[in-house]
Amino acid sequence: MAAADSDKLSKLQSHVAGLSQISENEKSGFMNLVSRYLSGEAQHVEWSKIQTPTDKVVVPYDSLVPLSEDPSETKKILDKLVVLKLNGGLGTTMGCTGPKSVIEVRNGLTFLDLIVIQIESLNSKYGCNVPLLLMNSFNTHDDTQKIIEKYASSNIKIHTFNQSQYPRLVVEDFVPLPCKGNSGKDGWYPPGHGDVFSSLKNSGKLDELLSQGKEYVFVANSDNLGAIVDLKILSHLIQNKNEYCMEVTPKTLADVKGGTLISYEGKVQLLEIAQVPDEHVNEFKSIEKFKIFNTNNLWVNLNAIKRLVEANALKMEIIPNPKEVDGVKVLQLETAAGAAIRFFEHAIGINVPRSRFLPVKASSDLLLVQSDLYTLNEGFVIRNQARENPANPAIELGPEFKKVANFLGHFKSIPSIIDLDTLKVTGDVWFGSGVTLKGKVTIAAKPGEKLEIPDGAVIENKEINGPGDI
């Protein structure tokens with residue numbers, strides 16, 4: 001490390017030591033991350049060494065062995081499982097306050113309601129005891145504690161713990177923002193979901209779960225409705241002693257930026273677009289060479305997490321995330337859980353059906369899951385067999401629909417979209433009830449005008465710019 005950087009680091013060390021809001025574990029975790037960042041140990045990938053993983057490394061889902069019919073065998077493997085949902089994100093991008101997981105998805109049920117119902121039905125069906133862990137951030141912790149009270153009488157043990165809270169760094173002089181008088185939440189950040197492993201250990205939850213005979217954790221984003229417990233995957237990992245499994249799925253043109261799995265120097269590892277040299281970015285985005293992407297559904301052995309965290313061996317690629325707070329340029333350093341794959345023994349990917357990746361990131365995704373394209377059964381969101389096209393329609397809604405409340409207000413009822421290919425809506429468009437959309441549909445209201453789609457309208461392969469076009 002350059003002398004100037006060593007100097008920066010020791011100054012930072014004394015500032016961080018004085019931050020009473022965070023634990024000693026958080027201070028050392030943060031300093032560790034910053035010193036790795038400054039020593040520039042960025043992992044450069046040599047493009048010529050990249051190999052496409054074989055079926056041994058990225059296992060086709062269809063090749064997994066079917067489960068035994070014996071429910072007592074199923075109970076036995078489920079009793080080794082813990083489900084962990086990443087619950088640190090706020091619903092702000094969708095215009096909601098509080099944790100994103102409390103946005104209503106369908107039939108008045110939130111992401112969290114659905115997750116609880118799913119695990120409850122597993123527990124009652126097999127007489128097992130799969131607990132739910134929620135990893136919160138300081139942004140979602142207080143609200144989540146209140147929200148989960150409503151599940152107190154349910155057949156499921158819910159644990160919560162917080163991911164780390166790190167200070168944002170002022171770019172100009174490398175001083176933590178909270179040391180500059182910014183004592184509010186803006187001075188801090190949660191350092192990405194790569195933090196899940198050390199936070200699980202530091203919270204005491206890891207040792208508690210191991211003492212209860214738990215062996216595997218299934219980690220997924222709380223907004224991925226497709227991330228449900230899969231017994232075939234769990235059984236495969238237990239039998240083959242795989243310490244880590246990343247679910248990947250075939251890329252479509254909508255997923256070209258997603259991280260992919262590669263074989264590199266005899267190890268399986270995650271390749272993210274940020275690591276790709278500029279001259280290879282188009283190749284990275286191509287569906288021909290890199291056919292799969294990371295869904296962020298991860299299955300990880302708990303003993304392996306303990307071993308690696310205690311050895312301080314999880315040195316995932318650092319993602320620098322520059323931000324601005326009240327006009328001050330700050331830096332937050334983050335890591336991703338998927339990048340940990342290369343540190344685990346017998347790590348694999350499993351190439352799963354697309355149905356296991358159904359994230360709700362925007363109101364256009366809500367339109368999909370609230371429509372007749374899906375039904376709800378025991379907390380599971382199931383795709384309608386009547387749609388022949390395996391891909392979902394591509395939906396683009398204008399800014400009028402961005403916030404959930406506005407989105408809901410613009411529809412008397414959600415249109416039928418079983419036979420829809422693409423939909424683009426711009427301007428102040430209002431939908432009546434019982435509307436059917438088919439093929440390629442574009443609806444554009446003129447600026448300052450309200451365009452109403454009448455009840456029962458059937459619109460097929462049309463471009464609509466005013467009432468006369470309907």
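**Cores, strands and enclosed space in a predicted model**

Leaving aside its neighbours within four places in sequence, Phe344 is in contact (heavy atoms within 4.5 Å) with Glu243, Tyr244, Lys267, Val300, Ala304, Ile305, Leu308 and Leu314. This comes from a predicted model, in which local features need pLDDT of at least 70 and side-chain atom pairs count only at pLDDT 80 or more, while totals for chains, interfaces and linings use all residues. Residues are numbered from 1 along each chain as its sequence is written, and side-chain values use heavy atoms, with hydrogens and water left out.

Phe344 also belongs to the largest nonpolar core, which has 39 residues. A nonpolar core is here a set of buried Ala, Val, Leu, Ile, Met, Phe, Trp, Tyr and Cys residues joined through side-chain atoms within 4.5 Å; buried means under 20% relative accessible area, exposed over 50%, and partly exposed in between, with a 1.4 Å probe and protein chains only. The members that touch the most others are Leu84, Phe197, Tyr244, Leu302, Ile305, Leu314 and Phe344. Helix 10 (residues 302-310) gives the most to this core, with 5 residues. Helices (H or I, at least four residues) and strands (E, at least two) are DSSP runs, numbered from the N terminus. A second, separate core holds 38 residues, Met94, Tyr374, Leu397 and Val425 among them. In soluble globular proteins, nonpolar side chains tend to be buried together.

Two strands are taken to pair if DSSP finds at least two bridges between them. Strand 12 (residues 244-250) runs antiparallel to strand 15 and is joined to it by 7 bridges, with Val248 as the bridge partner of Asn294. Strand 11 (residues 216-221) is likewise antiparallel to strand 15, through 4 bridges, and here Tyr216 is partnered by Asn301.

Strand 24 (residues 436-444) is joined to strand 22 (residues 420-426) by 6 bridges in the parallel sense, and Leu423 stands opposite Val441 of strand 24. Strand 24 also pairs in parallel with strand 26 (residues 458-464), over 6 bridges, where Lys438 faces Glu460 as its opposite residue. An open sheet of 3 strands, by contrast, has antiparallel pairing and the order 1-13-14. Its edge strands, each pairing on one side only, are strand 1 (50-51) and strand 14 (267-271). Strand 1 meets strand 13 (residues 260-264) over 2 antiparallel bridges, and Ile50 stands opposite Tyr264. Strands of a sheet pair through backbone hydrogen bonds, either parallel or antiparallel.

Helix 4 (residues 111-126) contains Leu112, which counts as buried because its relative accessibility is 1%. Neighbours within four places in sequence aside, Leu112 is in contact with Ser101, Leu134, Ile147, Ile148 and Tyr151. Asn87 lies 25 residues away from Leu112 in sequence, with a C-alpha to C-alpha distance of 9.4 Å.

Grid points are joined across faces, edges and corners, and a volume is the space filled by probe spheres set on the points. The structure holds 1 cavity of 30 Å³ or more, and the largest cavity has about 60 Å³ of space. Its lining includes Lys85, Phe111, Gln118, Ser222 and Ile228, and helix 4 gives the most to it, with 4 residues.

The second largest pocket holds about 490 Å³. Of its 23 lining residues, Gly29, Asn32, Tyr166, Ser198 and Asn312 are the closest to its centre. Helix 2 (24-38), helix 6 (196-202) and strand 17 (328-334) are the elements that give two or more residues to this lining, and helix 2 provides the largest share, 7 residues.

Note on methods:
On a 1 Å grid over the protein atoms alone, a cavity is a set of points where a 1.4 Å probe fits but cannot get out, and a pocket is an open set with protein on both sides within 12 Å along at least five of seven lines; lining residues have an atom within 4 Å of a point.
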